[in-house]
Number of protein chains: 2
Amino acid sequence: MSNEKIPYKIYLEENELPKQWYNVRADMKKKPAPLLNPATGKPCTLEDLSHVFCTELAKQELDENTPYVDIPQEIQDFYKMFRPSPLVRAYFLEKKLGTPAKIYYKFEGNNTSGSHKLNSAIAQAYYAKKQGLKGVTTETGAGQWGTALSMACAYFDLDCNVYMVKVSYEQKPFRREVMRTYGANVTPSPSTTTEIGKKILEEFPGTNGSLGCAISEAVEAATTKEGYRYVLGSVLAQVLLHQSIIGLEAKAAMDKYNIKPDIIIGCAGGGSNLGGLISPFMGEKLRGEADYRFIAVEPASCPSLTRGTYAYDFCDTGKVCPLQKMYTLGSGFMPSPNHAGGLRYHGMSATLSELYDQGLMEATSVEQTAVFEAAEMFARVEGILPAPESSHAIRVAIDEALKCKETGEEKTILFGLTGTGYFDMYAYGAYNDGKMSDYIPTDEEIAKSIANLPKIEG
Amino acid sequence: MSNEKIPYKIYLEENELPKQWYNVRADMKKKPAPLLNPATGKPCTLEDLSHVFCTELAKQELDENTPYVDIPQEIQDFYKMFRPSPLVRAYFLEKKLGTPAKIYYKFEGNNTSGSHKLNSAIAQAYYAKKQGLKGVTTETGAGQWGTALSMACAYFDLDCNVYMVKVSYEQKPFRREVMRTYGANVTPSPSTTTEIGKKILEEFPGTNGSLGCAISEAVEAATTKEGYRYVLGSVLAQVLLHQSIIGLEAKAAMDKYNIKPDIIIGCAGGGSNLGGLISPFMGEKLRGEADYRFIAVEPASCPSLTRGTYAYDFCDTGKVCPLQKMYTLGSGFMPSPNHAGGLRYHGMSATLSELYDQGLMEATSVEQTAVFEAAEMFARVEGILPAPESSHAIRVAIDEALKCKETGEEKTILFGLTGTGYFDMYAYGAYNDGKMSDYIPTDEEIAKSIANLPKIEG
């Protein structure tokens with residue numbers, strides 16, 4: 001099909017929107033290892049998980065075999081507020097690069113949460129409401145997840161309590177105000193509202209907080225208050241299920257124009273966006289119906305797939321969450337100050353870890369300055385100011401397109417543009433001022449952190 | 001047509017996008033009064049205007065008779081980057097209000113400039129490039145126009161010099177960084193880079209700057225440097241011409257579904273969005289083909305249409321720009337600190353002023369707290385965090401829909417949602433904290449400012 005026939009943006013019609021999510025685990029012959037109860041060391045039961053998560057979400061977490069899950073009508077209705085997201089042909093970027101490659105991106109940033117996080121937030125809020133809960137608790141670092149959850153809770157009139165890492169709470173007052181505008185209670189973490197928060201404040205009086213601590217506070221708040229559950233924006237299998245809407249829409253839009261991607265690229269922090277984007281394509285690969293190259297892009301400063309180890313580890317620094325087998329740098333790993341807040345997680349989705357371990361997906365890491373260089377180029381030619389997280393995928397998409405320029409290959413590249421960078425202008429400012437630095441942890445640092453993994457076979 | 005058949009969002013196909021702008025002045029029997037040269041007091045000639053503006057734009061400014069102007073292919077191509085913008089059926093808002101009214105909004109905020117400003121910025125940058133200029137100069141207050149122009153100049157590789165009101169430069173560092181990311185030079189105004197800036201700094205050493213001063217600096221910079229021209233984001237007839245893309249797309253989308261609006265509502269600062277939105281509908285009204293109610297919404301703190309006078313006045317505080325007959329509060333009018341930065345202009349588009357004077361359009365003013373109340377409600381149900389400027393239109397759309405609830409009338413309401421409020425979180429924060437105040441100028445204040453208008457008949 002000639003270029004001329006493919007529009008700049010492909011929007012699905014409302015009646016073409018997916019009505020089911022896709023659970024990629026159903027097509028995996030070797031499944032991800034089960035979550036373990038940290039108290040017993042045994043696989044988590046529905047009962048174990050239901051103390052922390054909504055029951056329906058706990059069921060989704062444990063269900064490895066159902067390939068398609070109906071999207072409840074209320075969620076489909078909400079999706080229409082901001083979906084379909086456009087599949088964009090990056091004509092301007094291709095021209096700038098002078099590449100014969102055809103570049104597409106699925107843009108998830110055109111909603112007020114600024115990212116794909118809303119896809120799962122609305123689902124988790126829906127099931128909480130359906131269960132008759134009063135509200136939910138969560139943590140947020142960069143703030144995209146907290147914003148998305150605030151929006152979802154406002155829609156279903158649920159109480160929303162967000163523990164925001166203290167340093168972000170103070171440095172990102174605008175993010176905080178967006179959440180407050182949507183009615184959320186935003187508490188800087190560590191706080192005096194939880195036992196674990198008080199304990200940490202006693203031990204480290206001047207601490208700026210950490211995601212690990214905020215998770216622990218949010219879990220404590222959920223499990224000690226009647227009518228509350230804890231929700232999480234990434235890592236979990238349920239989140240990948242909800243985020244499959246990204247890949248399902250992208251695939252439907254590409255199918256409409258007979259486009260078949262050769263390479264599919266996504267940034268990887270906990271794996272929510274990457275997992276969602278690749279799921280239906282990976283399904284075809286797993287079933288032997290088609291082949292694709294998948295590339296996970298992580299920051300060189302927090303390289304769980306490329307330099308971590310595949311083992312059971314805690315999902316949170318406070319060690320209150322279930323244990324998960326995943327590529328990890330160790331739950332005590334402290335990534336260097338890195339502006340791409342959403343990619344600072346020490347571990348990785350168990351599903352993606354298993355796919356990577358089976359050689360079905362590649363991974364690469366990129367340095368921050370190169371990422372912002374790509375972000376700026378992209379912003380200038382495509383007119384969208386990308387989030388630092390998303391820009392990791394842009395960097396590798398550009399690199400692959402430049403390889404095509406050398407070889408003359410007309411490969412089709414699809415990448416996930418997860419969100420916008422409007423609340424990341426400190427980082428852009430540092431780049432504009434030439435003050436951005438790269439940091440790569442040493443082998444010794446990583447080995448030291450990994451040495452402290454819990455001793456569990458799996 | 002039943003509600004069920006109308007999707008949440010109507011996107012035109014690429015081949016349905018307008019290929020011409022519409023010049024509403026062509027259908028006005030009584031035209032707006034001509035711009036006057038401040039030095040001679042006579043109508044501006046093409047030569048007069050060409051010293052300040054690009055020649056093609058000066059021609060557009062003076063052309064009252066051509067109804068349709070071809071959109072150059074390069075601009076059409078750029079438009080595809082962020083257009084068509086969606087026409088959204090506000091089902092969620094209707095449900096929240098319990099109104100039988102059908103509410104639609106044309107959403108212009110899904111681009112990095114965050115507003116409709118990009119529609120004219122790309123046109124002005126294109127004509128500057130075509131004329132072989134090195135660059136352009138402009139001023140910016142809230143920053144939407146400066147951002148849009150930066151994006152447009154990056155695309156055409158033009159030098160972009162933005163004089164940003166000093167207080168905004170300091171209070172909105174993120175806006176500044178977006179412009180810098182697009183390669184613009186951003187100078188806090190008043191500055192020592194111009195004679196007028198130096199003079200003002202000598203007279204008022206601690207000044208925070210003003211839009212009037214920034215305009216004067218930008219004009220001086222454009223007219224004293226070889227290869228530069230001055231560009232402006234609102235007020236001018238050329239800007240309304242470019243912005244007609246908003247109304248043309250909205251009308252095409254509505255026509256597709258046989259929807260006819262009864263009421264069309266837009267916020268009004270200088271008039272760029274309102275003029276663009278209503279133009280094609282007003283054309284029908286002027287030609288006697290259809291009737292619509294048009295409502296201009298301005299802030300109670302800066303009420304040029306509702307409390308100003310219709311007379312010749314300076315467009316800038318520095319009094320270097322052409323004189324324009326318009327509804328004005330006087331070029332020396334200082335609006336109270338008002339977070340809706342884009343609606344703080346003392347005057348109004350000459351075209352809209354004349355239409356209002358002829359009774360073809362209504363105007364109303366609203367107070368800030370009521371505006372933010374509407375903004376918050378809208379954000380929570382429609383999932384878009386609106387700009388304070390846009391929220392003036394939301395307020396009146398809600399009020400009209402509530403009137404329908406009382407009367408049971410099923411009116412169709414269309415309003416312009418000009419942009420997003422991501423860079424306005426200080427204002428939202430003040431509202432969230434209950435610290436937002438309303439201010440309405442007294443009759444004496446307005447009379448005093450109007451008493452200083454230049455003595456020109458017209």
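Colleague: Where is the place of Pro84(A) in chain A?

Modeller: Pro84(A) sits in the loop between H3 and strand S4 (87–89) of chain A, where helices (H or I, at least four residues) and strands (E, at least two) are DSSP runs numbered from the N terminus. This is a predicted model, in which local features need pLDDT of at least 70 and side-chain atom pairs count only at pLDDT 80 or more, whereas totals for chains, interfaces and linings use all residues. Residues are numbered from 1 along each chain as its sequence is written, chains are lettered from A and ligands numbered from 1 in the order in which they are written, and side-chain values use heavy atoms, with hydrogens and water left out.

Colleague: And which way is the peptide bond from Arg83(A) to Pro84(A), cis or trans?

Modeller: The bond from Arg83(A) to Pro84(A) is cis, with omega near 0 degrees. In chain B, a cis peptide bond also joins Ser189(B) and Pro190(B), with omega about 5 degrees, and Pro190(B) lies in the loop between strand S8 (185–189) and helix H9 (195–203) of chain B.

Colleague: What about phi at Asp157(A)?

Modeller: Asp157(A) has a positive phi of about 55 degrees although it is not a glycine, and its place is the loop between H6 and strand S7 (159–165) of chain A.

Colleague: Changing topic, which domains does the assignment give for chain A?

Modeller: Domain 1 of chain A covers 20–71 + 116–230 and domain 2 covers 84–114 + 244–450, these bounds coming from an automatic or database domain assignment. The C-alpha centres of the two domains lie 22 Å apart.

Colleague: How many residues of domain 1 are in contact with domain 2?

Modeller: In chain A, 39 residues of domain 1 are in contact (heavy atoms within 4.5 Å) with 44 residues of domain 2. The two domains bury about 3400 Å² between them, 63% of it on carbon and sulfur atoms, where buried area is the accessible area (1.4 Å probe) that two parts lose on being put together, summed over both.

Colleague: How many salt bridges are there between domain 1 and domain 2 of chain A?

Modeller: The count is 3 salt bridges, each a side-chain nitrogen of Lys or Arg within 4 Å of a carboxyl oxygen of Asp or Glu. Lys172(A) forms a salt bridge with Asp424(A), with the closest N and O atoms 3.3 Å apart.

Colleague: Why do the copies meet through the same surface?

Modeller: They do so because 100% of the interface residues of chain A are also interface residues in chain B. About 4000 Å² is buried between chain A and chain B, with carbon and sulfur atoms giving 58% of that area. On the chain A side, Phe174(A), Thr181(A) and Tyr422(A) lose the most area to chain B, together 18% of what that side buries. The contact takes 43 residues from each of chain A and chain B.

Colleague: How many salt bridges does the count give between chain A and chain B?

Modeller: There are 2 salt bridges between the chains, and Asp433(A) forms a salt bridge with Arg180(B), the closest N and O atoms being 2.9 Å apart. Helix H3 (73–82), H6, H8, helix H15 (368–382) and helix H17 (425–432) of chain A each supply at least two residues of the side that touches chain B.
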